[in-house]
Amino acid sequence: MVEMLIFLSKYLFIILAAIFCLQSVYIVSKGRQMDYPSAENTKAVKLQRATTILFHVLAYATLYFNSEIPLKDYMITALGGLALILAVPPFIRIVYGKINGLVINCMYFLMDLSLVILQRLNPDYALKQLMYFFIGSACILLIYPLLKYCKNFHKLKYGYLGLGFLLLLLTLVFGTTTRGATNWIYIGSFSFQPSEIVKLLYVFYFASVFSRKITFKETVAQMAVGLIFVCLLVLQRDLGSALIFFMTLLIMVFISTGNIIVILGSLVCACAGAFGAYKIFSHIQVRVVAWLDPWSDIGNTTYQIAQSLFAIGSGGLWGSGLGKGYASSIPIVESDFIFSAICEEFGVIFAVFVIFIYLTIFYCGARSALNAETKFNAILASGLTGLICFQTFLIIGGVTKFVPLTGVTLPFVSYGGTSVVITSVIIGILLWIYVPKTEFSEDKQGIDEPPKKRRRKTAANSVNTSRRRPSSQSRTGNNSESGSTASRQRPNINTNTSGPLSGKVRRRDDE
């Protein structure tokens, strides 16, 4: 009976993920109309939420019947996760107003997937991750009122710059080395990763800088500031974050200036820096060798990536079934290699749907940038979206041997408190940037009719009204009272009438 449940569940998981992604395609296919909470979009969003709930219930039922762990050990994360996906998204939509719930649904589907796979690998990590998800959700709820009433964030660029440098320098001095990188600070039993916080400060700083028009020399100077951030991360041996910071800066520079010369020059410098880092740091050489030939030292230096490839290959298209894989044999599977565990137990097809969910989040982030009302908000949204996008690419590409492994986390899925909270804050900021444009379109222009069409119709009506007035006045010209009224109205016609028909109205008045 249990084996039958596991066998059927792996196909049901794929079906649920497919339904979720198809509803995403439906909402995105609406184009501009996806920005409005219409009846059709609301129905699709509700179906996505129902799909996430069914996935959660089916996954925890499968885990319970496939293990000997008592039911009470599942209850906290099972019921807590269910409360998370049931209660929090409606609260977010209440706080942010009438926004499209696509990106919210994608985020909480990934969160629920994280709870399920961590419950399978290490129940203690799942319980802690649930707490981090609630903290991240609380941050999302606080972001909108905070940013809505504090409107001078673009003027605090030196504060972002100074605090960012301070955190990185403190990490160099007081940081703890973990797996070769000095990127953690411990305060008693509490620990956090400062580079995750610096990500936000970094993007806010450069959004503030590039929100005004700057010269070529100023652009080069700001690129040098960005390289200082990158060098500090390299000194910590946090090479994954250094690469993310650099690529995020290139995206923001290109969006704001479009200067190809600066971009190409930066890429040349990056290649030279990467070659130098390869020659200096031995662990980079190990990762490059593992990327080029993961079977060369499978018992030692290339063990991680080899086990990751074994897990992905053994799962196949449909997966081995939840609880039937051997992903726990991969070192640090709960953070760096969690995507490999998903591929093994849920299958490659399910993993492709997970990648599609990330692409949907990136698309929504791009729309936030396009809908931004100010240049600062547009560049900020572009930088934050690029940051999450490149981080996702690095970790998925690393565990599949597409690029060298860098050791960054998979957003919303990998275990880690700082990463979860900061990524949740990023989503909250993107929603905040998106909201003002939506409210303007709904309240002032209407949903059913494009704004330009309404303006053209109004202008045409005013011209037609102006053209009708002289004819009615000429018919009553013999009446002195009407004539005086017409004479008082003629200046208004000449003043108010605009557009290509204004000359004709004036000639008619002269006649």
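## The second largest pocket

Let's start inside: 33 residues line the second largest pocket, and Leu239, Leu243, Ala270, Gly273 and Ala274 are the ones nearest its centre. A pocket here is an open set of points on a 1 Å grid over the protein atoms alone, where a 1.4 Å probe fits, with protein on both sides within 12 Å along at least five of seven lines; lining residues have an atom within 4 Å of a point. This is a predicted model, where local features need pLDDT of at least 70 and side-chain atom pairs pLDDT 80 or more, while totals for chains, interfaces and linings use all residues. Residue numbers count from 1 along each chain as its sequence is written, and side-chain values use heavy atoms, without hydrogens or water.

The lining comprises 28 nonpolar residues, four polar and one charged; Gly counts as polar, and Asp, Glu, Lys and Arg as charged. Helix α10 gives the most, 11 residues, and α8 (216-235), α9, α11 and α15 (375-399) are among the helices that each supply at least two.

## Helix α11

Within α11 (residues 282-292), His283, Ile284 and Ala290 are buried, meaning under 20% relative accessible area with a 1.4 Å probe, whereas exposed means over 50%. These three lie on the same side of α11 because they span an arc of only 125 degrees around the axis, taken from the directions from the axis to the C-beta atoms. Ser282 and Leu292 are exposed on the face turned away from that buried side.

## The whole chain

The protein chain holds 19 helices and three strands, and 49% of its 511 residues count as buried.

Note on methods:
Helix = DSSP H or I, 4+ residues; strand = E, 2+ residues; numbered from the N terminus.
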